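I opened this entry to record what I looked up, beginning with the sheet and moving on to the helices and the interface.

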There are 2 protein chains.
Amino acid sequence: MRVVVLRIGHRYVRDYRVTTHVALVARAFGVEKMLVVNAEDEIKKTVKEVNERWGSNFELEEVNSWKSVIKEWKNSSNKIVHLTMYGIDVDDAMKQIKKDGKDLMIVIGAEKVPKELYDISDYNVSIGNQPHSEIAALAIFLDRLFEGRQLRQEFKGKMKIVPSVKDKVVKTT
Amino acid sequence: MRVVVLRIGHRYVRDYRVTTHVALVARAFGVEKMLVVNAEDEIKKTVKEVNERWGSNFELEEVNSWKSVIKEWKNSSNKIVHLTMYGIDVDDAMKQIKKDGKDLMIVIGAEKVPKELYDISDYNVSIGNQPHSEIAALAIFLDRLFEGRQLRQEFKGKMKIVPSVKDKVVKTT
């Protein structure tokens, strides 16, 4: 199953750090690509550096219109999951998503999201119905989707952490 | 089991939004209080507004020194969990943490964290060994700790979401 993330509503400067966190979570949790409209060059630079240092081919792709990206994705009978506090419970939705077994585009909004997105999405999914963080929502969704396996992926980079009780142990190749 | 979060290394302005996300995740995922050194008044205001609107008595408490807070916490034989990409695997650590059954202080750093924290913590726990986000790390840790129950907590606020397939449905009391 291919999984990509689409970040919409990114606001220049204001959302810089939050969108960077979204990208790093996507990469670390098994997503192959994040699409974003109007991202700062610094976010691309961060992703490139993290890939070089820690491994993976995770991509950050700039797109012009989120609507045409979604339309194209839906044409191939893949599914759209929109993460929102107003949606149906993640555990209920997940059963059907896994049964579908289709490639997924996970859409993550920043602040207000156009109503159109709720209509066009195959699943509007909530990670609890309380306000919190799109970064947390993405992490929980992917953790449920991959059932924790994403934390045990092999990354082949220049640097690799050796888990430690008290120290920072990094192997460099 | 009481769970509190201690946010250390918060940098004024720069970390404002990330620390706000950390606080909202803590609140939504079953934590009773977050302690932070030197937080903006706006973060306290956001937490207060979210509590009033959506319910809960989640507290944001400003503290002067993270070291004395940790020392005091340890005196009562409670445990300290530090979330770090260098630590031991969350699923391994979680078995012992649940067996201990002690109250937990979860420490979340921003950027570089002093070595002292690794030494003083009972558990240095990693959510994967890749760089990502302290917001995601906190969410996954709490989700594992509460086994998903935190998403079904009852919050008694003025507003309540009715999960919906396509719409935003909010009940106001």
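I took two strands as paired if DSSP finds at least two bridges between them. Helices (H or I, at least four residues) and strands (E, at least two) are DSSP runs, numbered from the N terminus. The model is predicted, so I noted its conditions: local features need pLDDT of at least 70, side-chain atom pairs count only at pLDDT 80 or more, and totals for chains, interfaces and linings use all residues. Residues are numbered from 1 along each chain as its sequence is written, and chains are lettered from A and ligands numbered from 1 in the order in which they are written.

Sheet. In chain B I found an open sheet of six strands with parallel pairing, in the order β3-β2-β1-β5-β4-β6. Its edge strands are β3 (59-63) and β6 (123-126), each pairing on one side only. I then looked up β4 (residues 79-89) of chain B, which pairs with β6(B) in the parallel sense over five bridges. B:Asp89 stands opposite B:Ser126 in β6(B).

Interface. I counted two residues as in contact if their C-beta atoms, placed from the backbone, lie within 7 Å. On this basis, 41 residues of chain A are in contact with 41 residues of chain B. α1(A) gives the most to the side of chain A that touches chain B, with six residues.
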